[in-house]
Amino acid sequence: MTGRSKKVRPVFLGIFLIFGVFVAGIGCLAGEVFDVRTFGAKGDGKADDTAAIQAAINACFEAGGGTVYNGAGQYLCTSLRLKSHLRLFLDAGATLVSIPDESAYAGLARCLLVASDAEDITVEGPGGMRGTGSGPLGRLADGSDLPIPAFRLGILRFENCKNVVLRGFKVFDSDSWTIHLRFCENVLVDGLTILNHYYHTNSDGIDPVSCRNVRIANCHIVAGDDCIVLKTADRRPCESVVVTNCTLETVATAVKLGTESSGDFRNVHVANCSIRNSTVGIGLYMKDGGTMERISFSQIDIENPVPRGLTNVERSMFPIFVDIERRSPDSAIGRIRDLTFSDITITSGVGALIQGMPESPIENLVLRNITFRVREPVDQSKRRKHIGGRRTTSDARDTQFSTLPSYFTVAYARHIHVGGLRVFIDQDSFKAFPRAAFHAAFVEGCWLQDILREPDEAEALPRVIFRECTGVKFAE
């Protein structure tokens, strides 16, 4: 067949599943190579190469699998539909470029790469993809950015797919969600670089929605919305997810669970990540009645930006933020339990907040070995909780605990363990904004050890404050 090379290029793909309990190799994808230029692609940055690249994809599928090869060039495209047993390889200098023609996406997902009900798909290589979101959108406090259009383009959307590998490529300027994985299983995302505009709303980095067995590793993401965000839909769970060795920066939330949360989140573990210049470092937003359980964050460095009045989210800045609420008056009340933060370093001028509801307290919370270095503190008296999405409800907890003079506040919780919380602040900043190291409100069962604040001037404000708490114990 035209376009097939006689040279066979075996690709060995492996997905290391969670905790080493199960290792699923999707095997050796050995097949022919389909060069998109043989099918008529120009790669000149002028011609529409959609039909030619899709023809190469279709030929690869009909042959039972193989590699679709993109050499150096600028390939202008609308949606490309990937199929099973396919390796899409973007060589050095190869870039797929989104064509912003709304009419070309009629009846199609508004993404550059789409796949559904497929298996054994790999997208990899040193090349990349470029979207249409190159400027600020909906984030600047002075309203000087562009109005939000109805037509938005993402980069990749896979639904109901198994054995997916996304590795090594670069993405620039996505206008909407960059990597959208919906109801997928056995996914490896490794070594991606995603560079979206910092002030471009909805330009999320990686969004696994009700996915199972996902590993995200070694990624560098700059986004105008959440960098890595797990969601649930149709009451289906998102479970067995590991995120490790990533560097993240966003005007929104760097690592997020929710807000879409009709299903459960189980066995989610985030470790060895560096978060910079992010309005919220780690955020859990339970709004739709699911349960978040067996969730851990460890070995993470979080740095909030210094508020400068540039964005419309600065009044809701938190290094760590956890919240349970109803999205609408008829929403079910969700739960968060078995939640651990350990070996966390924070640099910020505002405090962290973990709050449940009176009807649903946070259960079994562990805060272990957390170092908080205060940098340029700002007034928290007008701070509001971070909403993180749409809702039609509100209550006193919008501001009740976010405004307290504390660097770590826990409210409405049951059975919490705090060991090794250290807050360091310079003398002048402490005089300007005296705050407790830890504030607990409406907590049942609280065990504390090694709570430090320097300077420790109890006459200005106690190091630890309790309000309506029971079962408080201090360990030596």
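Student: Which residues line the largest cavity?

Tutor: The lining is made up of Asn304, Pro305, Val306, Pro307, Met317, Ser348, Gly349, Val350, Arg375, Glu376 and Val378. Please keep in mind that this is a predicted model.

Student: How should I read empty space like this, and where does a probe the size of a water molecule come in?

Tutor: The general idea is that rolling such a probe over the atoms shows where empty space is left. Here, one cavity of 30 Å³ or more is found in the structure. The space in the largest cavity comes to about 40 Å³.

Student: How many residues in the lining of the largest cavity are nonpolar, polar and charged?

Tutor: Six are nonpolar, three are polar and two are charged. You can look for Arg375 and Glu376 among the lining residues.

Student: Which strand gives the largest share of the lining of the largest pocket?

Tutor: Strand S25, residues 253-261, gives the largest share, with four residues. By residue class, the lining of this pocket holds 13 charged, ten polar and five nonpolar residues.

Student: And how much space lies in the second largest pocket?

Tutor: The second largest pocket holds about 160 Å³ of space. Its lining consists of Ala109, Arg110, Cys111, Arg152, Leu153, Gly154, Arg157, Ser176, Trp177 and His180. Four of the lining residues are nonpolar, three polar and three charged.

Student: What kind of peptide bond joins Glu454 and Pro455?

Tutor: That bond is cis too, with omega about 0°. Pro455 belongs to the loop between strand S34 (438-454) and strand S35 (464-467).

Student: What is phi at Asn277?

Tutor: Asn277 is not a glycine, yet its phi is positive, about 50°. You will find Asn277 in the loop between strand S26 (265-276) and S27. Asn277 is partly exposed because its relative accessibility is 27%, between the 20% and 50% cut-offs.

Student: Where does Asp338 lie?

Tutor: Asp338 lies in strand S30. Its phi is also positive, near 55°, and this residue is not a glycine. With a relative accessibility of 31%, Asp338 counts as partly exposed.

Student: What follows H1, and what is its phi?

Tutor: Gly64 follows H1, and its phi is positive, near 95°. Helix H1 itself covers residues 50-62, 13 residues in total, and spans 18 Å from first C-alpha to last, close to the 18 Å expected. Its buried residues are Thr50, Ala52, Ile53, Gln54, Ala56, Ile57, Ala59 and Cys60.

Student: Is Ser331 buried or exposed?

Tutor: Ser331 is buried because its relative accessible area is 14%. This serine is placed in the loop between strand S29 (318-324) and strand S30 (335-348). The side chains of Ser331 and Ser328 make a polar contact at 2.9 Å. Not counting residues up to four places away in sequence, Ser331 touches Lys287 and Arg326.

Methods: Residues are numbered from 1 along each chain as its sequence is written. This is a predicted model: local features need pLDDT of at least 70, side-chain atom pairs count only at pLDDT 80 or more; totals for chains, interfaces and linings use all residues. Side-chain values use heavy atoms; hydrogens and water are left out. Helices (H or I, at least four residues) and strands (E, at least two) are DSSP runs, numbered from the N terminus. Ala, Val, Leu, Ile, Met, Phe, Trp, Tyr, Cys and Pro count as nonpolar, Asp, Glu, Lys and Arg as charged, and the others, Gly among them, as polar. On a 1 Å grid over the protein atoms alone, a cavity is a set of points where a 1.4 Å probe fits but cannot get out, and a pocket is an open set with protein on both sides within 12 Å along at least five of seven lines; lining residues have an atom within 4 Å of a point. Grid points are joined across faces, edges and corners, and a volume is the space filled by probe spheres set on the points. The expected span of a helix is 1.5 Å times one less than its number of residues. Buried means under 20% relative accessible area, exposed over 50%, partly exposed in between (1.4 Å probe, protein chains only). A polar contact is a pair of N or O atoms within 3.5 Å; within protein, one must be able to donate a hydrogen and the other to accept it, and residues adjacent in sequence count only if both atoms are side-chain atoms. Contact means heavy atoms within 4.5 Å.
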